[in-house]
Amino acid sequence: MIDTAASGKVSLTPLAETEETDPRSQRARAERMSVTPLGGGLYEVESQSDNTYFVDLLGSRCTCPDHMMRGVRCKHIRRVAIEINEGRVPPPGKEAVECARCESVVFVDEKTAAAGPHFCDRCRLEPGEPVVDRATGDLLVVVAMTDYRANQVEVPGRDCTVAEYPTNEGYPADDPVVEVLYPIPSGLRPEQVEPRHVRRYSFPRSRLQRPGRPGNQSELSDFPEPK
Ligand SMILES: [Zn+2]
Ligand SMILES: [Zn+2]
């Protein structure tokens with residue numbers, strides 16, 4: 001698990017005064033606190049006064065005096081709920097991991113968190129998804145995103161890795177390897193099927209892009225063409 005709590009204690013952006021009138025909710029935002037997910041729906045909250053409390057979010061319980069003595073929904077429980085809503089910490093049942101490609105934080109199921117690699121929505125390609133080879137413009141179909149990096153996979157019949165393959169130079173050597181197929185053109189007779197129609201090919205992730213949608217250039221601008 002990686003620690004996605006703020007590195008220092010912070011206060012959150014206040015909502016407009018009219019939106020939030022409950023003093024506990026106001027303090028939940030305004031006070032400097034840090035929230036650390038512990039798994040199993042438990043969160044550690046370091047308060048502005050340097051006390052550490054534990055919040056059981058699903059049970060709506062906290063170890064602070066305000067909750068223990070008065071049974072109220074204290075500012076710590078509210079703070080945890082706010083940070084989940086704002087995507088700062090994972091909700092119960094989820095764990096924060098790093099995307100294996102771009103290192104952005106992804107929330108994944110606690111049970112599968114150790115079974116990576118995990119990818120963020122932007123980096124992950126799903127089996128069956130059409131992609132374009134940026135080097136040739138060819139349309140390909142994703143078979144799988146693998147656990148391997150381009151500098152770990154040998155190209156069959158060549159004395160080099162996917163990263164060292166001449167047309168792959170310029171893409172990150174530690175890019176995740178994606179297995180793809182060339183789709184068989186419709187109407188192709190059996191004798192016209194070429195080896196490339198039935199073989200799987202290994203590509204560095206950055207060489208593949210989702211087919212462009214009008215007005216959506218994000219995939220292009222995020223990963224500029226190699227020099
Ligand atoms: Zn509390
Ligand atoms: Zn990513």
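1. Donors are N, O and S atoms within 2.8 Å of the metal (3.2 Å for Na, K and Ca), and since water is not among the atoms, sites may look incomplete. In this structure, the donors of the zinc ion (ligand 1) follow the spacing C-x1-C-x9-C-x1-H along the chain.

2. This is a predicted model, in which local features need pLDDT of at least 70 and side-chain atom pairs count only at pLDDT 80 or more, while totals for chains, interfaces and linings use all residues. Residues are numbered from 1 along each chain as its sequence is written, ligands are numbered from 1 in the order in which they are written, and side-chain values use heavy atoms, with hydrogens and water left out.

3. Cys62 (SG), Cys64 (SG), Cys74 (SG) and His76 (ND1) coordinate the zinc ion (ligand 1) at 2.1 to 2.3 Å. The angles among the 4 donor atoms are 102 to 115 degrees, and the site is tetrahedral (four donors with all angles between 85 and 135 degrees).

4. Cys64 counts as buried because its relative accessibility is 1%, and His76 is likewise buried, at 4% (buried means under 20% relative accessible area, with a 1.4 Å probe and protein chains only).

5. Helix 3 (residues 75-85) is mostly covered, with 9 of its 11 residues buried (helices are DSSP runs of H or I, at least four residues, and strands are runs of E, at least two, numbered from the N terminus). Among the elements against which these buried residues pack are helix 1 (23-30), strand 1 (34-39) and helix 2 (65-70). Gly87, which follows helix 3, has a positive phi, near 75 degrees.

Conventions:
Buried means under 20% relative accessible area, exposed over 50%, partly exposed in between (1.4 Å probe, protein chains only). Contact means heavy atoms within 4.5 Å. Four donors count as tetrahedral if all angles lie between 85 and 135 degrees; four count as square planar and six as octahedral if opposite donors are over 155 degrees apart and all others between 65 and 115; anything else is irregular.
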